[in-house]
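The report then takes up one part after another.

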Amino acid sequence: MPVDTPMTAAQPPVLEARNLIKHYGHVTALDGVDFELRAGEILAVVGDNGAGKSSLIKALTGAVRPDSGEILLDGKPVHFKGPLDARHLGIETVYQDLAVAPALDIASNLFLGRERRRAGIMGSLFRRLDKKGMREEAERSMAELKFRLPSITSAVETLSGGQRQGVAVARAALFAKKLAIMDEPTAALGVRETGQVLELIRTIRERGLPVVLISHNMPNVFELADRIHIMRLGRRAAVVTPKTHSMADVVAIMTGAAQA
Ligand SMILES: Nc1ncnc2c1ncn2[C@@H]1O[C@H](COP(=O)(O)OP(=O)(O)OP(=O)(O)O)[C@@H](O)[C@H]1O
């Protein structure tokens with residue numbers, strides 16, 4: 001089966017990992033995995049249960065420290081001590097549990113943990129929240145992303161599942177300087193809502209931000225991804241494209257029925 005092996009591009013990958021190894025006791029979660037996210041692409045990461053997808057993403061976002069291997073951002077080695085290090089370097093992640101604050105409004109959720117404050121004469125301790133500025137920026141960002149929501153002052157608990165997911169995805173897009181990672185962004189959504197979130201992810205790519213999409217949903221993957229990174233037994237079994245491979249081909253590589 002022909003496989004699209006990564007090309008050597010003139011530009012270094014936005015995010016790259018080489019030979020990552022991670023053991024949990026006797027379990028080898030990552031067994032020398034390589035990874036490459038290129039500028040402007042949506043890269044799907046797929047694999048069977050236990051193939052190592054979460055472990056890979058956690059290593060790439062500083063949530064776990066690999067036992068060995070290298071991670072490079074724009075071609076430069078990085079060493080994440082925790083998720084904040086990755087965030088500060090421009091990597092935003094949308095986790096399955098979303099981490100939204102239901103009682104707060106949309107604008108407050110977009111700036112959750114990164115609230116803007118007004119310049120104050122009494123020092124930063126007394127600087128008040130810049131609610132107006134945050135609302136205006138939230139309105140602007142949502143309009144740019146063409147994601148339709150009720151008023152930016154609506155509490156997130158009044159939104160549908162798809163709209164909540166939209167807020168979490170938009171937040172990542174708003175702050176990610178280098179790339180956004182989305183873990184199962186359409187799990188638990190209905191067909192129409194899934195369509196809206198997929199459209200949002202496409203818009204984010206069009207604005208130039210590369211996206212890593214972890215998904216079990218093959219039709220979604222085939223609709224969105226430029227390339228598909230297939231995990232199997234803690235390794236990258238292959239990287240293919242929806243143009244050259246069918247869903248059946250991908251499943252065959254995932255399960256080991258076909259060699260990559
Ligand atoms: N914290 C942990 N402690 C022990 N074993 C772990 C831990 N995290 C993951 N593993 C094991 O490492 C292997 C890879 O798991 P990982 O969660 O990365 O796979 P996955 O592809 O994300 O699976 P799923 O699709 O089921 O979430 C599995 O065998 C899993 O049981």
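Leaving aside its neighbours within four places in sequence, with which residues is Asp226 in contact?

## Asp226 and its surroundings

Beyond those sequence neighbours, Asp226 is in contact with Glu41, Ile42, Leu43 and Thr241, where two residues are in contact if their C-beta atoms, placed from the backbone, lie within 7 Å. Asp226 is found in the loop that lies between helix 7 (218-224) and strand 9; helices (H or I, at least four residues) and strands (E, at least two) are DSSP runs, numbered from the N terminus.

Asp226 counts as partly exposed because it has 16 C-beta neighbours inside 10 Å. The terms work as follows: a residue is buried if 20 or more other C-beta atoms lie within 10 Å of its own, exposed if 12 or fewer, and partly exposed in between, with C-beta atoms placed from the backbone. Asp226 and Asp249 are 23 residues apart along the chain, and their C-alpha atoms are separated by 16 Å.

## The model and its confidence

This is a predicted model, in which local features need pLDDT of at least 70 and side-chain atom pairs count only at pLDDT 80 or more, while totals for chains, interfaces and linings use all residues. Residues are numbered from 1 along each chain as its sequence is written.

The protein averages a pLDDT of 88, and 92% of the residues score at least 70; pLDDT is the predictor's confidence in each residue, from 0 to 100. Over residues 1-5 the pLDDT is below 50, although this stretch has 13 contacts in the model beyond near neighbours in sequence. For the complex, the predictor gives an ipTM of 0.96 and a pTM of 0.88.

## The overall fold

The secondary structure of the protein comes to 8 helices and 10 strands. With a radius of gyration of 19 Å, close to the 18 Å that the globule rule gives for 260 residues, the protein is as compact as a globular protein of that length; the radius is taken over C-alpha atoms, and the globule rule is 2.2 Å times the number of residues to the power 0.38.

Taken along the principal axes, the box that the C-alpha atoms of the protein fill is roughly 60 × 40 × 40 Å. Buried residues make up 41% of the 260 residues, and among contacts between residues at least 6 apart in sequence, 67% join residues at least 24 apart.

## Around the ligand

The ligand is surrounded by Tyr24, Val27, Ala29, Gly47, Asn49, Gly50, Ala51, Gly52, Lys53, Ser54 and Ser55, a residue being near a molecule if its C-beta atom, placed from the backbone, lies within 6 Å of it. This shell divides into 4 nonpolar, 6 polar and 1 charged residues; Ala, Val, Leu, Ile, Met, Phe, Trp, Tyr, Cys and Pro count as nonpolar, Asp, Glu, Lys and Arg as charged, and the others, Gly among them, as polar.

Strand 2 (27-37) and helix 1 (53-60) each supply at least two residues of the shell, and the largest share, 3 residues, comes from helix 1. Helix 1 is largely enclosed by the rest of the structure, because 6 of its 8 residues are buried, namely Lys53, Ser55, Leu56, Ile57, Ala59 and Leu60. Helix 1 is followed by Gly62, whose phi is positive, near 80°.

## Leu30 in strand 2

Leu30 has its place in strand 2 and counts as buried because it has 27 C-beta neighbours inside 10 Å. Apart from neighbours within four places in sequence, its contacts include Gly52, Ser55, Leu56 and Ala59, as well as Pro66 and Gly234. Leu30 and Gly69 are 39 residues apart in sequence and, from C-alpha to C-alpha, 10 Å apart in space.

Strand 9 (residues 227-232) and strand 10 (residues 235-240) run antiparallel and are joined by 5 bridges, and two strands pair if DSSP finds at least two bridges between them. In this pairing Ile230 stands opposite Ala238 in strand 10. The two strands form a hairpin with 2 residues between them, and Leu233 in the turn has a positive phi of about 50°.

Most residues other than glycine have a negative phi. Leu233 is partly exposed because 14 other C-beta atoms lie within 10 Å. Asn19, which is not a glycine, has a positive phi of about 55°; Asn19 has its place in strand 1 (residues 15-24), and with 13 other C-beta atoms within 10 Å, Asn19 is partly exposed.
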